[in-house]
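Student: Let us go through this model, taking helix packing, salt bridges and aromatic pairs in turn.

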Amino acid sequence: MITPDTKNWTWVLERPCPECGLDTRPVRGGDVPALLRENAAAWLPVLERPGVRERPAPDVWSPLEYACHVRDVFRIFDERLRLMLTGDDPAFPDWDQDATAVAERYGEQDPRRVAGELSEAGEALAARLAAVAGEQWERTGTRSDGSRFTVESLARYMIHDPVHHLHDVHG
């Protein structure tokens with residue numbers, strides 16, 4: 001059983017992550033598309049590993065489960081970005097990542113299919129971010145817990161997740 005993650009990770013916008021080492025402070029929104037593409041490509045060999053379904057401990061996701069999560073992070077943030085670019089200060093729908101992992105049976109998914117979906121979702125998000133220009137970086141959106149983001153800060157916040165989880169699977 002995985003213990004649900006209830007941390008508010010927005011602190012990654014203010015200081016380096018002590019676990020994965022990523023410091024998002026010098027990252028600019030325009031840097032994120034390349035970082036996304038690099039990260040998505042790095043998941044492909046992970047998904048080809050023998051034992052990709054095996055958890056290192058009962059309460060730690062397998063590399064396959066982490067990859068499914070990253071794919072879904074790309075999809076969720078692509079939708080949040082779309083909402084920010086087309087609406088005025090949208091409220092983001094809630095997403096329970098732990099419930100999604102169980103409902104979608106992450107550990108039982110086909111690693112080859114996940115690799116393709118992760119690549120596709122990463123590219124879609126990278127392309128949408130690459131098209132952001134000028135004042136669009138300052139458009140806002142709000143998470144249900146009240147955390148408010150600009151497109152710029154959302155991009156910086158988001159990139160930590162796949163980088164951190166790649167670190168988790170390389171441990």
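Student: Is R139 buried, partly exposed or exposed, and at what relative accessible area?

Tutor: This is a predicted model, in which local features need pLDDT of at least 70, side-chain atom pairs count only at pLDDT 80 or more, and totals for chains, interfaces and linings use all residues. Residues are numbered from 1 along each chain as its sequence is written, and side-chain values use heavy atoms, with hydrogens and water left out. Buried means under 20% relative accessible area, exposed over 50%, and partly exposed in between (1.4 Å probe, protein chains only). R139 is therefore partly exposed, with a relative accessible area of 25%.

Student: Which residue does R139 meet in a salt bridge?

Tutor: A salt bridge is a side-chain nitrogen of Lys or Arg within 4 Å of a carboxyl oxygen of Asp or Glu. For R139 the N to O distance is 3.4 Å, and the partner is D88. The pair links distant parts of the chain, 51 residues apart: R139 is in the loop between α4 (111–130) and β1 (140–142), and D88 is in the loop between α2 and α3 (97–103). Helices (H or I, at least four residues) and strands (E, at least two) are DSSP runs, numbered from the N terminus.

Student: How are E79 and R82 separated in helix α2?

Tutor: The side chains of E79 and R82 form a salt bridge at 2.6 Å, N to O. E79 is partly exposed at 34% relative accessible area, and R82 is partly exposed at 30%. They lie 3 residues apart in helix α2, so the separation is about one helical turn.

Student: Are α2 and α5 roughly parallel or roughly antiparallel to each other?

Tutor: Axes are lines fitted to C-alpha atoms, for helices over the stretch in contact, and angles run from 0 to 180 degrees between N-to-C directions. The axes of α2 (residues 63–86) and α5 (residues 151–170) come within 10 Å and cross at roughly 175 degrees. Angles under 35 degrees count as roughly parallel, over 145 as roughly antiparallel, 65 to 115 as roughly perpendicular and the rest as oblique. The two helices, α2 and α5, are therefore roughly antiparallel.

Student: How do the residues of the contact of α2 with α5 divide into nonpolar, polar and charged?

Tutor: Contact means heavy atoms within 4.5 Å. On the α2 side the residues include Y66, F74, F77 and L81, and on the α5 side they include L154, Y157, M158 and P162. The contact divides into 15 nonpolar, 2 polar and 3 charged.

Student: What is the angle between the planes of W61 and Y106?

Tutor: Rings of Phe, Tyr and Trp (its six-membered ring) pair if their centres lie within 6.5 Å; planes under 30 degrees apart count as stacked, over 60 as edge-to-face and the rest as tilted. By this rule there are 5 aromatic pairs. W61 and Y106 are 6.0 Å centre to centre and edge-to-face, with an angle of 70 degrees.

Student: Which residues do ring pairs link into a cluster?

Tutor: Both W61 and Y106 are buried. Ring pairs link them into a cluster whose members are W61, Y66 and Y106.

Note on methods. Ala, Val, Leu, Ile, Met, Phe, Trp, Tyr, Cys and Pro count as nonpolar, Asp, Glu, Lys and Arg as charged, and the others, Gly among them, as polar.
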